[in-house]
Amino acid sequence: MSDDIGGATVNQLLAALREEEYQRLIPHLEEVDLVSGEVLCEPGETMTEVYFPQTAMISLVSIMENGSTTEISLVGKEGMVGLPVFLGGYSTTSRAIVQIEGTALKLKGKILKNEFNKGGELQKLLLLYTQALFTQASQNAACNRQHNIEERLARWLLTTQDCVTKNELHLTQEFISQMLGTRRSGVTVAAGILQQAGMIRYTRGKISILDKEALNTTACECYRVIKNEYARLLKPE
């Protein structure tokens, strides 16, 4: 199949579809520009549309009663937002919020559900992706409990870079602290350590990854566990 729609890089799940299935979806796919901070779905809200990110990155976050947030998982060009649509639950307890602006392909939920029910390649890919996302969420939970903020920040930056394939990430320390479920002061100290070691450069609202190999060495094993599982489950046949 073609690897672009309107000149943009296609989401990897869509790119892995057989031509026949992909052609059935094309008339229903709408390319949209997503803005940083935009909320795609709130907890308990019925999902009527799903999103296949291209250059955007979306966070699925848990929200406590006091308003504090912690990231459950990241979704970039390797995945999609809207699992409850084809799993049958239609809503979730998490918020889907755009973390890095960019493009995505939007599809009506009923179209996805109909195609999923045909039992073709799309169904297989979405079920494998569900397992990969579950791995990410469960590993992140363990990571938040077991590893220090420096290791977690390195892991998170590497995962973010993988999602958007960019070395410059437009992110604030406040936003990162919310995603990691920790204090901003902790992120400031950890970012300072990584910057002093020459792994990143941080300026207001932007983090540049300078030494990915060193960042990979600093990151906890959770980054490699998640990355390897995505590769295993979603590798092209």
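I began with helix H10, which gives the most to the lining of the largest pocket, with 7 residues. I noted that this is a predicted model.

Next I looked up the size. The largest pocket has a volume of about 690 Å³. I then asked which of its 27 lining residues are the closest to the centre. They are Gln-12, Glu-78, Tyr-230, Ala-231 and Leu-234.

Domain 1 (12-113) and domain 2 (148-219) each supply at least three residues to the lining of the largest pocket.

How do the residues of this lining divide? I found 13 nonpolar, 5 polar and 9 charged.

Then I turned to the second largest pocket. Its space comes to about 300 Å³. I found 16 residues lining this pocket. The closest to its centre are Leu-60, Leu-83, Pro-84, Thr-92 and Leu-133.

Strand E7 (69-75), helix H3 (83-87) and H5 are the elements that give two or more residues here. Which element gives the most to the lining of the second largest pocket? I found that H5 does, with 4 residues.

I sorted this lining as well. The second largest pocket has 11 nonpolar and 5 polar residues in its lining, and no charged ones.

Notes
Residues are numbered from 1 along each chain as its sequence is written. This is a predicted model: local features need pLDDT of at least 70, side-chain atom pairs count only at pLDDT 80 or more; totals for chains, interfaces and linings use all residues. Side-chain values use heavy atoms; hydrogens and water are left out. On a 1 Å grid over the protein atoms alone, a cavity is a set of points where a 1.4 Å probe fits but cannot get out, and a pocket is an open set with protein on both sides within 12 Å along at least five of seven lines; lining residues have an atom within 4 Å of a point. Grid points are joined across faces, edges and corners, and a volume is the space filled by probe spheres set on the points. Ala, Val, Leu, Ile, Met, Phe, Trp, Tyr, Cys and Pro count as nonpolar, Asp, Glu, Lys and Arg as charged, and the others, Gly among them, as polar. Domain bounds come from an automatic or database domain assignment.
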